[in-house]
Amino acid sequence: GEKIPEGSIPSIKLAPHQSKIVHIPVPKIFVEPGVEYFMFVQFRTKDKLPLLPENHLVAWEQFEIPIWKDLDPLKLHNFPDLSVEENDENIIIRGTEFSYTMSKKSGRLSSMNYKNNPLLKEPLIPNFWRAPVDNDLGNHMPQRCKIWKNEGSLSELRDVKTIIDSPKKVTISTVLDLPASGSTLKVDYSFFSNGMIKINNHFIPGSTDLPELPKIGMSLEMPGDYLNMSWFGRGPHESYWDRKTGAPVGFYSGTVWEQYHPYVRPQEFGNKTDVRWMALQNDIGFGLLVTAKQPMNMSAWQIRISDIENKKQNEPN
């Protein structure tokens, strides 16, 4: 979200349907590891017009500059070894000032604590559903795709294994059966001694004639005081994979409640596309940072999906 240099080019005077090549000087960029670079071009009015003020934004475009330098390898030797405790109910992974609990009954990450601050209110679960929007109601998506609505919450654990990769890394490998669709979800949780968790999902559909997936990912609930949200991706308003060109990639922040949009009929809201990372924090700075290996959709709500799916919401007008 940091601006390097900025500047302007001379005014362009063109008649309709004409074009002109413009050279934009770009300074030398010293590429930092893990940093993306963009050129952001704006077109603004130079003078006051009858209907437009001076400096009014007429159009913009954003170009990603194709330069990249990989991050340095993770140095885990600076952190104390992990400890693993296992009983009939749970697998508990502990490190410096943090502890994580995996349920052996459900195969879910059920607890995350950092410096005695709980980060989870409800476990991390697979999620294949989103609240329908008006267009979904018109094409009967809620009825056609209802098989996915509760697949994540009703998933059944088939197998769980604990793998001690090294003193600095522990992997919990789970296999979940999705009963309604006959599908399988393999989820591997890798815990690192610096507190990081890497999650890998492998979805295997039960057949080829299943309806489309409204969403595929994971969801969790945090305690109610994690109200501050920031992200690097498209924003600041909501966007979707087929409606995102009006939202530039950048650094944005606000409260979780500010992501809400009061649609006349309650429906999906607040989705952010092409997100590289998203953080949720309380007022003293504790929180959860989620990063993506590739740009993803992410969102945070102060309500549950079930709160906006009332009995009339699925009835087309």
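This is a predicted model: local features need pLDDT of at least 70, side-chain atom pairs count only at pLDDT 80 or more; totals for chains, interfaces and linings use all residues.
Biologist: What is the phi of His-140, and is the value positive or negative?
Modeller: Most residues other than glycine have a negative phi. His-140 is a residue other than glycine, yet its phi is positive. The value is near 65°.

Biologist: Where else is there a positive phi in a residue other than glycine, and is that residue buried or exposed?
Modeller: Another one is Asp-274, with phi near 50°. Its place is in strand β16, which spans residues 272–281. The cut-off for buried is under 20% relative accessible area. Asp-274 has 18%, so it counts as buried.

Biologist: Which residues does a cis peptide bond join?
Modeller: Most peptide bonds are trans. Here, one with omega of about 0° is cis. Its proline lies in the loop between β14 (228–234) and β15 (249–255). The two residues are Gly-235 and Pro-236.

Biologist: How many helices and strands does the chain have?
Modeller: The chain has 317 residues, and 34% of them count as buried. Its C-alpha atoms fill a box of roughly 75 × 60 × 40 Å along the principal axes. The secondary structure comes to three helices and 17 strands.

Biologist: What share of the contacts with a separation of 6 or more comes from residues 24 or more positions apart?
Modeller: A contact here needs heavy atoms within 4.5 Å. Among contacts in the chain with a separation of 6 or more, residues 24 or more positions apart account for 54%.

Biologist: How are the rings of Tyr-100 and Phe-191 arranged, and what is their pair called?
Modeller: A pair of aromatic rings is described by the distance of the centres and the angle of the planes. A search of the whole structure finds twelve aromatic pairs. In the one between Tyr-100 and Phe-191, the centres are 5.7 Å apart and the planes are at 35°. That angle is why the pair is called tilted.

Biologist: How many residues apart in sequence are the parts that Tyr-100 and Phe-191 tie together?
Modeller: Tyr-100 lies in strand β5 (residues 98–103), and Phe-191 lies in strand β11 (residues 183–192). Both are buried: Tyr-100 has a relative accessible area of 6%, and Phe-191 has 0%.

Biologist: Which residues form an aromatic cluster?
Modeller: For a pair, ring centres must lie within 6.5 Å. One cluster of such aromatic residues is formed by Trp-257, Tyr-260, Phe-269 and Trp-301.

Biologist: Over which ring does the charged end of Lys-28 sit?
Modeller: The cut-off for the distance from the charge to the ring centre is within 6 Å. The charged end of Lys-28 is 5.7 Å from the centre of the ring in question. That ring belongs to Phe-30.

Biologist: How far apart are the mean positions of the positive and negative charges?
Modeller: The chain has 36 positive and 38 negative charges. Their mean positions are separated by 4 Å.

Biologist: Which residues is Gln-281 in contact with, leaving aside neighbours within four places in sequence?
Modeller: Gln-281 has its place in strand β16. At 33% relative accessibility, it counts as partly exposed. Its contacts beyond those neighbours are Asp-225, Tyr-226, Leu-227, Asn-228, Phe-286 and Gly-287.

Biologist: And what does Asn-297 touch, not counting residues up to four places away in sequence?
Modeller: The place of Asn-297 is in strand β17, residues 287–298. Its relative accessibility is 44%, so Asn-297 counts as partly exposed. With those close positions in sequence set aside, Asn-297 touches Asn-271, Lys-272 and Thr-273.

Technical notes. Residues are numbered from 1 along each chain as its sequence is written. Side-chain values use heavy atoms; hydrogens and water are left out. Helices (H or I, at least four residues) and strands (E, at least two) are DSSP runs, numbered from the N terminus. Buried means under 20% relative accessible area, exposed over 50%, partly exposed in between (1.4 Å probe, protein chains only). Lys and Arg count as positive and Asp and Glu as negative; His and the chain ends are not counted. The place of a charge is taken as NZ of Lys, CZ of Arg, CG of Asp or CD of Glu. Rings of Phe, Tyr and Trp (its six-membered ring) pair if their centres lie within 6.5 Å; planes under 30 degrees apart count as stacked, over 60 as edge-to-face and the rest as tilted. A charge sits over a ring if NZ of Lys or CZ of Arg is within 6 Å of the ring centre and within 35 degrees of the ring normal.
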